[in-house]
Amino acid sequence: MERRIRILVAQARNDLNRVNYQALNTDARNQYEMAKRFATQAEDAVRTRNLMFATNLADTAAGLAAQL
């Protein structure tokens with residue numbers, strides 16, 4: 001489960017790294033920032049061994065990042 005979470009967070013971060021933040025409109029920038037926060041929170045939740053919460057956060061981060 002932890003491995004899957006780390007893969008999703010990495011995928012989200014890779015997708016975010018490919019985005020030209022300056023070209024995004026306000027809504028897309030908010031989505032970008034939310035995806036970053038969810039990825040960070042997922043990593044924090046893994047560290048505290050709250051894997052179910054981390055899974056939800058990582059799934060959300062990956063989904064938001066993929067839409068950008």
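Where is the place of Asp15? Asp15 lies in helix H1, helices being DSSP runs of H or I with at least four residues, numbered from the N terminus. The model is predicted, so local features need pLDDT of at least 70 and side-chain atom pairs count only at pLDDT 80 or more, while totals for chains, interfaces and linings use all residues. Residues are numbered from 1 along each chain as its sequence is written, and side-chain values use heavy atoms, with hydrogens and water left out.

Asp15 has a relative accessible area of 17% and is buried (under 20% relative accessible area; exposed is over 50% and partly exposed in between, with a 1.4 Å probe and protein chains only). Leaving aside neighbours within four places in sequence, Asp15 is in contact with Ala65 and Ala66 (heavy atoms within 4.5 Å).

Buried in H2 are Ala28, Gln31, Tyr32, Ala35, Ala39, Ala42, Ala45 and Val46. These buried residues fall within an arc of 155 degrees seen down the axis of H2, so they line one face of the helix; the arc is that of the directions from the helix axis to the C-beta atoms. They pack against helix H1 (2–17) and helix H3 (51–67). The face turned away from the buried side carries the exposed residues Thr26 and Arg47.

Just after H2, Arg49 takes a positive phi of about 65 degrees.

Terms used:
Helix = DSSP H or I, 4+ residues; strand = E, 2+ residues; numbered from the N terminus.
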